[in-house]
Amino acid sequence: YMGSFLLAILILLLAILLLLPVTVTIETYFDSSCNKLGCIIYLYGFMKLLGGYLAPCPKGVAFHVSDKKALIFSYKQMQEGRKRFSPKSGIKLNNVSIYVQTGAEYLLQAIYAEQIIKWIVLFGKQRNLISRITLHRSDSLHIYAKFSVQTRATRQIIELIKYLFRRIREKWQKKKLAT
């Protein structure tokens with residue numbers, strides 16, 4: 001009886017998680033002095049899923065999660081992934097925070113970039129934008145950005161099933177054409 005009770009609680013928790021919105025927070029930073037673009041991904045703003053930094057590699061980008069381990073993404077994979085994340089995919093941008101520290105060398109470019117981002121956000125119906133530019137003595141550029149997106153797990157599971165079905169159909173058609 002205890003095992004079936006625990007199983008029922010687990011099924012109930014999974015059902016609740018499928019109905020609740022899933023919030024993913026992505027924190028990024030760029031430091032021009034060491035030319036690194038870092039990224040940390042959190043689930044619900046506090047559970048760290050993945051973190052590391054991006055570096056270019058032949059025909060793609062490497063996401064270094066440790067000194068000895070990196071995930072390689074080809075430009076083709078990134079293009080396919082970008083197509084899947086359309087406004088129709090159920091992903092909603094909650095808020096954006098951008099902080100820039102710069103010296104006099106990059107100040108004008110930072111101000112122009114901030115204004116362009118504000119116009120894009122304004123016309124994209126996104127109202128939760130925080131941006132701040134501070135001037136410091138060093139001539140390096142430090143950018144910190146935080147994005148919070150929200151979706152429903154059920155919607156993403158449906159999208160995943162559609163994607164898998166489409167891939168299986170494409171492979172089957174290629175195999176059928178080859179014979």
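By a contact I will mean a pair of residues with heavy atoms within 4.5 Å of each other. With that in hand, and keeping in mind that what we are looking at is a predicted model, let me start with the chain as a whole: among contacts between residues at least 6 apart in sequence, 57% join residues that are at least 24 apart.

As for secondary structure, the chain contains 4 helices and 8 strands, and, if we read along the sequence, these elements follow the pattern α-β-β-β-β-β-α-β-α-β-β-α. The chain has 179 residues, of which 21% count as buried, and it exposes about 13700 Å², with carbon and sulfur atoms supplying 66% of that area.

My last point concerns the backbone. Most residues other than glycine have a negative phi. Lys59, however, is a residue other than glycine with a positive phi, near 65°. Where does Lys59 sit? Lys59 is found in the loop that runs between strand 3, residues 47–57, and strand 4, residues 60–64, and, with a relative accessible area of 73%, Lys59 is exposed.

How values were computed. Residues numbered from 1 in each chain as written. Predicted model: local features only at pLDDT ≥ 70, side-chain atom pairs only at ≥ 80, totals over all residues. Heavy atoms only, no water. Helix = DSSP H or I, 4+ residues; strand = E, 2+ residues; numbered from the N terminus. Buried < 20%, exposed > 50% of the residue type's maximum accessible area, 1.4 Å probe, protein only. Areas by Shrake-Rupley, 256 points an atom, 1.4 Å probe, with all protein chains shown as cover.
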